[in-house]
Amino acid sequence: ISGNLYLYSGVNIFTSLREGLFQVVSIITTTGYATADFNVWHPFSRTLLFLLMFAGGSGGSTAGAIKQIRLLILLKYIYRELYKIVQPAAVIPIKIGKKIIPEQLVSNTLSFLALYLLIFISSSLIMSTFGLDMVSAFSSVAATLGNVGPGLEMVGPTNTYSEIATLGKIILSFLMMLGRLEIFTVVVLLLPTYKN
């Protein structure tokens, strides 16, 4: 992002490094700070920032979003499945460092990622019914579900969520709660079988 800023924004290399690094760290750690209006940055930088809204912090951190350990498990799972196409009889455990990840944990992680994606897509479609453009709808959901703070376009770093309809704000507030409390926790509480 810093290189892209240097090439396309016309600012010096030090400003590009400072602004790029700060925004990346702010979005990954879900602190919600902004020192620059990244709405006016080159589309490549904005796209990377949008994707980073899903990454989140480390597994044990209080940061929101998916969390990097889950993404690492997903990548290792994909690699294993591709390898098994070539070697169907291979038994390949997923490891993080030297520790083998139990298959139940891999399954839970994949379920979490599928549910996260389902909630993201359905909520983005709902937000688009309130008249938000595609970038604003998608980034408002990504920012609130991941507890990132600012999104892009209408909900960018120099704007607020005030222009969104009241029902839209209620939905985004629910997504913030869902992302902060962890999706499985809230979904289990809403299941009818939990009440018995």
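These legends describe close-up views of a predicted model.

View 1. Helix 2 gives the most, with four residues. Tyr8 counts as exposed because its relative accessibility is 55%, and the cut-off for exposed is over 50%.

**View 2. Helix 7 and helix 8 cross each other.** Helix 7 covers residues 166–180 and helix 8 covers residues 183–190. Their axes come within 6 Å and cross at roughly 110°. The two helices are therefore roughly perpendicular to each other, since angles of 65 to 115 degrees are classed that way. On the helix 7 side, the contact is made by Phe174, Met177 and Leu178. On the helix 8 side, Ile183, Val186 and Leu190 take part.

**View 3. Asn39 sits in a loop and is buried.** The loop runs between helix 2 and helix 3 (43–55). Asn39 has a relative accessibility of 14% and so counts as buried, the limit being under 20%. Leaving aside residues up to four places away in sequence, Asn39 touches Arg46, Leu152, Glu153, Gly156, Pro157 and Asn159.

**View 4. Lys67 and Glu182 form a salt bridge.** Side chains of opposite charge can pair when their charged atoms come close. A search of the whole structure finds five salt bridges, and the one between Lys67 and Glu182 has an N to O distance of 3.5 Å. This pair links distant parts of the chain, 115 residues apart. Lys67 is in the loop between helix 3 and helix 4 (68–86), while Glu182 is in the loop between helix 7 and helix 8. Lys67 counts as buried at 7% relative accessibility, whereas Glu182, at 23%, counts as partly exposed.

**View 5. Arg80 forms salt bridges with Glu81 and Glu103.** The N to O distance is 3.4 Å for Arg80 and Glu81, and 2.7 Å for Glu103 and Arg80. Glu103 belongs to helix 5 (residues 103–128) and Arg80 to helix 4, and the two are 23 residues apart. Arg80 is buried, with a relative accessible area of 7%. Glu81 is partly exposed at 28% relative accessibility, and Glu103 is partly exposed with a relative accessible area of 43%.

Methods
Residues numbered from 1 in each chain as written. Predicted model: local features only at pLDDT ≥ 70, side-chain atom pairs only at ≥ 80, totals over all residues. Heavy atoms only, no water. Buried < 20%, exposed > 50% of the residue type's maximum accessible area, 1.4 Å probe, protein only. Axes fitted to C-alpha atoms, helices over the stretch in contact; angles between N-to-C directions. Parallel < 35°, antiparallel > 145°, perpendicular 65-115°, else oblique. Contact = heavy atoms within 4.5 Å. Salt bridge = Lys/Arg side-chain N within 4 Å of Asp/Glu carboxyl O.
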